Amino acid sequence: KKTIVNTAVSNFTAIAKGKNNTLWLANNNGEIYSFKKDQLKKSKLSNSLDKVAIKSMLLDKENTLWVATNGKGLFRFNLENNSKSHFIKQNTEDKNTINNNFVLSLFLDNYNNIWIGTDGGGLNLFDKKTGLFYSFQQSFNNSSSISDNSILSIHHGLDNTILISTVHGGICIFKNDLD
């Protein structure tokens, strides 16, 4: 057991496992830290986040850190070349970004796709090949749609399904036929 304590930092709200046994930790002040070999170090990535609450993080297979925020959308940091992208909803018809700025959860599927759970915008999928976002939302006229547009967490299920926990609609089992 190892306790990571830093009195200058508020409680950590998100964690992601990185390369070479590095842990990435984030808090509600928009600060990101790396923890490696018992050393906690504030990351320069924090300079991009302007004190926004971080809800979730994940590291994909290309060593890109994805950061979900509470109201400022989604950030993508390439840790290899230090490039940054910021995805924020400004126009409802824009397929080049997420459909909601309150991002609660992130998930990396077996195909290296990024799934994004929002608070009110439903489920978003980022297609790395095209750079486009696709959204899946609750539809009262369709019993196959997700049951709620506020997605708390996303996890692997059996038989290539994705389990989605929602605020008001219980657990959804989402069939992942995408490759």
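Lys 128 counts as partly exposed, at 29% relative accessibility, where buried stands for a relative accessible area under 20%, exposed for over 50%, and partly exposed for what lies in between (1.4 Å probe, protein chains only). The structure is a predicted model, in which local features need pLDDT of at least 70 and side-chain atom pairs count only at pLDDT 80 or more, while totals for chains, interfaces and linings use all residues. Residues are numbered from 1 along each chain as its sequence is written, and side-chain values use heavy atoms, with hydrogens and water left out.

Lys 128 forms a salt bridge with Asp 60, in which the closest N and O atoms are 2.7 Å apart; the term salt bridge refers to a side-chain nitrogen of Lys or Arg within 4 Å of a carboxyl oxygen of Asp or Glu. This pair links distant parts of the chain, since Lys 128 lies in the loop between strand E11 (123–127) and strand E12 (132–136), whereas Asp 60 lies in the loop between strand E5 (54–59) and strand E6 (64–69), 68 residues apart. Helices (H or I, at least four residues) and strands (E, at least two) are DSSP runs, numbered from the N terminus. Asp 60 is buried, with a relative accessible area of 7%. Lys 128 also forms a salt bridge with Glu 62, with 2.8 Å between the closest N and O atoms, and here too distant parts of the chain are linked, Glu 62 being in the loop between E5 and E6 and 66 residues apart from Lys 128. Glu 62 counts as partly exposed, at 43% relative accessibility.

One of the others joins the side chains of Lys 19 and Glu 80, at 3.4 Å from N to O. Lys 19 is in the loop between strand E1 (12–17) and strand E2 (23–27), and Glu 80 is in the loop between strand E7 (74–78) and strand E8 (84–87), so that the pair, 61 residues apart, links distant parts of the chain. Lys 19 is partly exposed, with a relative accessible area of 46%.

The loop between E1 and E2 also holds Asn 21, which has a positive phi of about 60° although it is not a glycine. Asn 21 is exposed, its relative accessible area being 66%. A positive phi, of about 50°, is likewise found at Asp 50, which is not a glycine and which is placed in the loop between strand E4 (39–42) and E5. Asp 50 is exposed, with a relative accessible area of 57%.

Leu 79 is found in the loop between E7 and E8. When its neighbours within four places in sequence are left aside, Leu 79 is in contact with Trp 24, Leu 45, Leu 59, Asn 63 and Leu 65, contact meaning heavy atoms within 4.5 Å. Leu 79 and Asn 29, 50 residues apart in sequence, are 21 Å apart in space from C-alpha to C-alpha.

Residues up to four places away in sequence not being counted, Gly 157 touches Ile 162 and Leu 163. Ile 173, found in strand E15 (residues 171–175), counts as exposed at 65% relative accessibility, and, with residues up to four places away again not counted, Ile 173 touches Thr 161, Ile 162 and Leu 163.

For the chain as a whole, there are zero helices and 15 strands. The radius of gyration is 16 Å, close to the 16 Å that the globule rule gives for 179 residues, so the chain is as compact as a globular protein of that length; the radius is taken over C-alpha atoms, and the rule is 2.2 Å times the number of residues to the power 0.38. The C-alpha atoms fill a box of roughly 50 × 35 × 30 Å, taken along the principal axes. Of the 179 residues, 45% count as buried.
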